[in-house]
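Got your viewer open and a selection tool ready? Let's walk through this one stop by stop.

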Amino acid sequence: MPSSTSADRTRTDALLIFPPQTEARFFPYLSLPYLTGHLRRRGRRVHQADLNIALLHELLRRPALLDDAVRAQDTGDDRTAVSDWYRRAVADVFAAHIGDLRAHVLHKEPAGDLGADRAVRLAGLALELLVRDTFLVRTWENLGRLDDAVRRAAARPPAASDVPVASLHRLVSGLLGRHRPRVVGLSVAFFSQLAPALLIAAWVRRLAPDTRICLGGQQVMLRHDSLARLPGVLESVDALCPTAGEEPLERWLDALDGTVPLTAVPGMTWLSRSGAESRTGPPVTLRFRDLGPPDFSGLPFRSYLNDALELAIVSCVGCYWGRCAFCSYGNRALPQGGYQQGTATQIADAVETVVRATGTRYVSVADENTNLRLILKAMRVARARGVRVRFGVRGRLEAILTDPEFCLDLAAAGCAMISVGYEGVSQRLLDRMDRGVRAADYQRILDNLDAAGITVRFSVMGQVLDETPDEFEASLRFLVDNERRIGIDALELMVAEPGSRLVGSPEEYGLALDTTDRLAGNPELSYLAGRVGHPLSVRGGPTRTEALDRLVRIFHTVRPGRTHASTSSHPAPAGPRGRGVEALRPHTWVRVAPPSADDNAADRVTLADLVRERFYALPRADVEQRPDGLLTARTERGSRLLARLADAGAGAADPERSASPAPLSQELVMTQPPRTTPGGAPTQAPHRMGLGVLMDMPWGGGRLGRRGIGFVESDDGGGDITDRVRAFLHRHGGDFAYSALAFQPRSRARVRPADYVRAYDRFFEAVPAGSARAFHQTELNMGTPERYDRRPAAEFTNELAARYGFSWVVEDLGIWSLRGIPMPYPLPPPLTEPGLEIATRNVAEAARLLEPPLHVEFPGFTEGGSFVLGHMDAFEYFARLAEDAEVRVTLDVGHLLSYQWLRGRTGRSMYDGIEALPLSRCRELHLSGCQIVGGKFRDLHHGVLLDEQVELTEYLLPRCPNLLGVSYEDPMYREDGQLVEKSRRNYARLRDLVGAWQRGETA
């Protein structure tokens, strides 16, 4: 604790710095928040500064820096004309969108036309362009050359330095001036940060000579002895901390206060500039269980390079397995006491503190290898306190995950993602590296996690000892077979890091190491070479070149389908595939390469998507570029090429030139993500489509009162609509702006598109041209508490969507089947907390599997036709589900009234509680024929609407700002297609009401 007589109270006790240059920009790296939290709880004045993200923020505030950097990089050489043009174009796009970039990156506000994903990418690209070919991104052959370069850079006047180096100096000078720290601590987690950290230390030594300087972090733990011998380190740094820094920093400040002798400070190695031997203090005694939660205050934690706010905690120090031969971090945990884990209560405290202090909805558990049983207990404790958060972990494909119930429990507790290392499926190699896992379990584990809705992300390792060609092929085949259910974060060759068992006993693993001062990493595949260690070769194994070729083959062969916890890395294009586009206007971030940058400009138009980093070549024989930038098709092939560009998000079809068979809703043709608020609702009202029709089409021509409505068998075996349906669509089809089919199985056989498309073709051919299309599924079964495989239904739906261009897919949130037995009417899900967690997970999985947008429909509550389990309010339940699963919704007006009647809310009370529904997420209203029988509400689908349904629709229309349309569901009509007489009055009321709403006359 600070002495009452010790310090100058105008000075900061500790300035903690996370230096550039690393890709760790998604959320604050945890070393500073944990150190800060500990020292502040001890009464110390601490400021933490992440200069790795601060460089980006400086660029966003001073965009002219990028112009300066690009001009400095411009060679003027004809041989680099393309590169020079490309860099200038990126800088121009960055400047043009600076307002949107500031809004999203700094404040997490909507990013305009760019959208959040493109804003994040463009900001990252601009930063990399700023630092390109500068001291901050150099890679190093050995530590000696690194140290020499640091000393030369430190001696150079800041004004004579590269643009980003001068900016970094300005940031450091400002921090020292504002805080006047007694101690500066530099946390060096990644090798790429080492040279910038030493440069900052040299600047601090010159600018604030009385300030003490300490270096800590993973790189100091790995290279402690080598760093202590470097002249530049000895000139600038007072101490190295090769252990956890909380207790050493706390006791060092006590020593500076004079309350304890310097020799009592634990965990530090004291460096001497006089040439004397370095001295090491006693070991630390503070245990991980004695630490409190991280403190992010003072860091711009909302302004990191992520689509949304994400923060992290750790549950342990070290790795509870610790035996993997290549892992220096885990291997350090093998000695007694090396691994320390928190208690479930301690971890829950950290989660609760972070969530309540920041409002984050996602927490990464950033251990090297998380104890999954422990984290499950901790998250259950947090949820019991009312803290509901999604989280991700890092671990292994270990035996506990073969238990499907455990995976479901993890998902129910909020687990959205597991990141794992993948070294292949050769058990021989896994055992040799002491991984402690069984390759035979991998498929079952992936199946379990996929069924639970947990995303799995792989870091793939190459040059895995003496891996044979056959072993590699088997490992590649596993990735290909599972590509749709995994993501891939990294591809890297095995590295022999100091402190690992590989380096301790290389001969045991068939390795030959170069133990000179040479350094080896992964410059071809990893950011700034990634992990760095000793050069290695494998006796009897692949050479480095051969191993690298294998990883490149994985890159080109495997198409991972999961990029994060909720979406596919290959999203469906915004519009229906296969339609020609006659004219396309490139987006503002897509530029045409000038003739000076394209030797074949006379024969082609070359487009560069500067955000996605893709080039597209369009033959001038097929596509013409107009002076205003519009691209027009000269040939049918050109029309197809422009359609592919639209699908790729490179531009938008010009509506005046690109006629298509069916005008589409805004939701369908949008080639950019919509503007969204933090709650997920678009900030601009969408196009109002108007009235639509939804038709249940059973096979066999209907039954009971719906005889003659549906599909019937045809002579060609493909199926056809009945004459009655055709007559209705001929008579009334023009009333509707869009049409939707409700799926009914043709037989008990596994569904195949080939068995349905002929009949569906004939249905949509009977609908007047100009109608958009949607699809009502009945097979996703999102309300079931049972395990259920949604993939076949999703794959079937996606194939249909590719053919028909569905604007959305809708299904009631209900239990449609149990144990494979269909329900006569979908039951509402259990209205309990566990039921909500399961349903939310089911919905999120369905949304992830489907390519068209998913609209989840509020369930029905027909008294006597279904029963209700649980006591949660269904409106609030549905709102929480939609928010947590991040989906759009459909409100069936009859279903809403059925619930109100069940609760005794009739008459004017039918409006009570409606505002609790997720109205801003509502995209569609449904109305089907209903009746009140004996005081009980019946959802009969007989085409006759109640007055109450029309009145509630009138109430909802102005309260659903993002509504696309209103569907009249299951109309009842005669053989000649005329609506039955009882339905006509309220159908006409509905049609007029929706027409006025569509025209903007009522809301």
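Start by selecting cysteine 319: at 8% relative accessibility it counts as buried. Bear in mind that you are looking at a predicted model. Now show the sulfurs. Which cysteine sulfur is closest to that of cysteine 319? The one in cysteine 327, at 6.3 Å, which is too far for a bond.

Next, switch to cartoon and pick out the open sheet of six strands. Reading across, the order is S8-S11-S12-S13-S14-S15, and the pairing is parallel. Color S8 (311–313) and S15 (486–493): these are the edge strands, each with a single partner, so one side of each has no neighbour in the sheet. On average, neighbouring strands here are turned by 20° against each other, ignoring direction.

Zoom in on S14 (residues 455–462) alongside S15. The two run parallel and are joined by seven bridges. Select valine 456 and you'll find isoleucine 486 of S15 opposite.

Last stop, the helices. Select H15 (residues 372–384), which packs on the sheet and touches S11 (362–365) and S12 (390–395); its direction makes about 165° with that of S12. Then try H19 (residues 469–481), lying across S13 (415–422), S14 and S15, and running at about 165° to S13.

How values were computed: Residues are numbered from 1 along each chain as its sequence is written. This is a predicted model: local features need pLDDT of at least 70, side-chain atom pairs count only at pLDDT 80 or more; totals for chains, interfaces and linings use all residues. Side-chain values use heavy atoms; hydrogens and water are left out. Two strands pair if DSSP finds at least two bridges between them. Helices (H or I, at least four residues) and strands (E, at least two) are DSSP runs, numbered from the N terminus. Axes are lines fitted to C-alpha atoms, for helices over the stretch in contact, and angles run from 0 to 180 degrees between N-to-C directions. Contact means heavy atoms within 4.5 Å. A disulfide is a pair of cysteine sulfur atoms within 2.5 Å. Buried means under 20% relative accessible area, exposed over 50%, partly exposed in between (1.4 Å probe, protein chains only).
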